[in-house]
Amino acid sequence: MKFAEHLGAHITPEWRKQYIQYEEMKAMLYAAVEQAPSQEVVEEEVTQRYFASFDEKFFTYCDKELTKINTFYAEKLAEATRKFATLKSEMEESEKSSVAKKKVHRRKLMDLKLAFSEFYLSLILLQNYQNLNFTGFRKILKKHDKLMRNNTGARWREEFVESSHFHTNKDIDKLISETETTVTSELEGGDRQKAMKRLRVPPLGDKHSPWTTFKVGLFAGAFLVLFFAVILSAVFHSAKESDIAKKNFDVIVRLYRGPLLFILFLFLMGINVYGWRSSGVNHVLIFELDPRNHLSEQDLFELATIFGVLWTLSILCFLYAENLNVDPFVMPVFLVGIMIVFMLNPTKTLKYGARSWSLKVVFRIFSAPLFYVGFADFWLADQMNSLSQALKDFQFLICYYISGIIDGEWSGPTAGTCSDSGWWLVAIVAMLPAWFRFAQCLRRYRDTREAFPHLANMGKYSTTIITVIFSLFYNKYRGEDGEIVFYTLWLISHTVSSVYGYIWDIKMDWGFFTRNAGENKFLREEIVYSSKNYYYFAIVEDLVIRFSWVYLHVIKTRHNDGTINVPIEIVVTLFACLEVMRRFIWNFFRLENEHLNNCGKFRAVRDISVAPIDASDQAQIIKLMDDPEPRNFFRNRKKLNKKPTQKAHAETPLLEDAEDLDHSEPLTINFNTSDISKKK
């Protein structure tokens, strides 16, 4: 692997601009060689002057890079030293209070273990930063000497790089050793093996399991074969032999559509993770996941393909149920049962950590506004808004089977009741995802007392709830005197909701259309993904799919009038899949925006606070999280207000850095906030 690829694979994304600009320096060298005057045309003295002038420019650039790296390294090292002292102070205080409050001590001990684990990871990242930059200088200066045919680069390295602070300073190694010793002796009772297992650092490069890759390929191939078998069976076998399939086609689609949308969501989520990882968007940090144990894109692909195989097998068993002498309607509920059992499985198997994390987030979503709302909470609630059709299908499935048990048969009339758009229960399920986000916005307003953006965002979801209510009354009074009134109100509210949601997507969630966008017209000053066309496509695509309800409404109206004859539930399924696709694209730019916020604060690992956070500090954190323009963190970021305590350490930055860097005071034990001050 070339060093440029190695560097790109191992850098800490949030510190990307603080590394040696290896590619740019290499481009300078090759450009100098290509543009050099030919020795056959000009005198040797002219060529020497040209290369001497280039060397002056090149080594000036090297000196600027070296100063940047020395400054950043010194600041992060000073920050790490203060954090280590704070952690030890918290640990000593915890030991003093252990006799009086054993339960509190146990909880704080677990917090300390997690805090030291994250702190250790931050030290390894800084050590990796130190090694990569030294190797980068060594490689680029060696390339310089090879292309320029002299030893100026080697002399410059010996004189400046090898004596630089970031290379000669070994305090980071000492801190790593002291952290290992402290965790071993104080937190793990002298068991070094247990301590190192807790401190284990995940591979900094891209690592994939060959076994997982094999399983993904196996199940993906099986799914494709079975999917084609489903299509052929649905067209030929069921059309000729199965009366059940003919009479209950819409019912069958609704029973299987919910699991299909969930499987599609999982698969697209895997593509999201792959895109974030390959583009340097640190989703692990943004979602506050454990960097040592989280799902990769391969794991998500594996889950999606396994569930896809089960889904296709269930449909085939349904279609051939008469040949198997079983009740076909057992198959859909059996499929959903397997998926529910997988999620609720209490044993520490089958992706236990990921399932546990997901269930905790879902619990907080359903409990809104009772709990503090983090990024993962409102992100997953947003996903639920795009999976609202799946929730309605799940409600239909439960209603259908309960009605079937009561009536003693699986017949059409019960299906009509369960799917009636004029039924209040259908409306409640339809508005649940919007209510979750509404309640979360209310909670965030309560925590911050800021009307914007929280009340404004709450207003967006209130329009969705109002739309569902008008839809309920429109369907309930269809054919009666009040139909036209509720139909008009439904159209108006739906239009307002779509426009409101679209503007919020591109301006607030994605941070586009900023004043300082520069050459990234209509976007923002900084973008992560390689082509601006991706962004422009997303802007148009989001608008088109936001108004997909118009196309669906026209198709349904013409279908009811008999103008066109299409299987309406298949059309609904296609539009539901389009909405999941829209959210899939939305995810890329929403997390990119959040990632740029973290880059502005040089935030590279999770915040683990052992001491309690002051309420005003929490409000400021939420305010920073909601800022729609990431560059504000580089320019106008306000200091967090913190009340002085006896344990507080001096937080004055030791060095000054280049422009675009700000100062931010950490809260208690904040492992993600840089202490770099803006040069005045």
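This is a predicted model: local features need pLDDT of at least 70, side-chain atom pairs count only at pLDDT 80 or more; totals for chains, interfaces and linings use all residues.
Asp377 counts as buried at 4% relative accessibility, where buried means under 20% relative accessible area, exposed over 50% and partly exposed in between (1.4 Å probe, protein chains only). Its salt-bridge partner is Arg364, with the closest N and O atoms 2.9 Å apart; a salt bridge here is a side-chain nitrogen of Lys or Arg within 4 Å of a carboxyl oxygen of Asp or Glu. Asp377 sits in helix α17 (residues 375–386) and Arg364 in helix α16, so the pair ties together parts that are 13 residues apart in sequence.

Residues are numbered from 1 along each chain as its sequence is written, and side-chain values use heavy atoms, leaving out hydrogens and water.

**Overall picture**

- The protein comes to 27 helices and zero strands; both are DSSP runs numbered from the N terminus (helices H or I, at least four residues; strands E, at least two).
- Of its 680 residues, 50% count as buried.
- The protein exposes about 33,800 Å², and carbon and sulfur atoms supply 60% of that; accessible areas come from the Shrake-Rupley method with a 1.4 Å probe, and for residues only the protein chains shown count as cover.
- Take the contacts between residues at least 6 apart in sequence: 75% of them join residues at least 24 apart, contact meaning heavy atoms within 4.5 Å.

- Arg257 pairs with Asp393, their closest N and O atoms being 2.7 Å apart.
- That pair links distant parts of the chain, with Arg257 in helix α11 (residues 249–279) and Asp393 in helix α18 (residues 388–407), 136 residues apart.
- Both ends are tucked away: Arg257 is buried, and so is Asp393.
- Asp299 and Lys351 make another salt bridge, with 3.1 Å between the closest N and O atoms.
- Asp299 lies in helix α13 (residues 297–319) and Lys351 in the loop between α15 (330–344) and α16 (352–366), so this pair ties together parts 52 residues apart in sequence.
- Asp299 is buried at 12% relative accessible area, whereas Lys351 is partly exposed at 31%.
- There's also a network: salt bridges that share partners join Asp505, Asp542, Arg546, Glu579 and Arg582.

**Helix α13**

- Of the 23 residues of α13, 19 are buried, so the helix is largely enclosed by the rest of the structure.
- Its end C-alpha atoms are 33 Å apart, which agrees with the 33 Å that its 23 residues should span at 1.5 Å a residue; the expected span is 1.5 Å times one less than the number of residues.

**Aromatic pairs**

- The structure holds 50 aromatic pairs. Rings of Phe, Tyr and Trp (its six-membered ring) pair if their centres lie within 6.5 Å, and planes under 30 degrees apart count as stacked, over 60 as edge-to-face and the rest as tilted.
- Phe287 and Phe375 have ring centres 5.7 Å apart and planes at 50°, so the pair is tilted.
- This one links distant parts of the chain: Phe287 is in the loop between α12 (283–286) and α13, Phe375 is in helix α17, and they are 88 residues apart.
- Phe287 is buried, and so is Phe375.
- Phe396 and Tyr400 have ring centres 5.6 Å apart and planes at 25°, so that pair is stacked.
- Phe396 and Tyr400 are four residues apart in helix α18, a separation of about one helical turn.
- Phe396 is buried, as is Tyr400.

**Gln389 on α18**

- Gln389 lies in helix α18 and is buried, with a relative accessible area of 14%.
- Leaving aside residues up to four places away in sequence, Gln389 touches Arg254, Arg257, Leu261, Val572 and Ala576.

**Cysteines**

- The count comes to zero disulfides, a disulfide being a pair of cysteine sulfur atoms within 2.5 Å.
- Cys441 counts as buried at 3% relative accessibility, while Cys317 is partly exposed at 28% relative accessible area.
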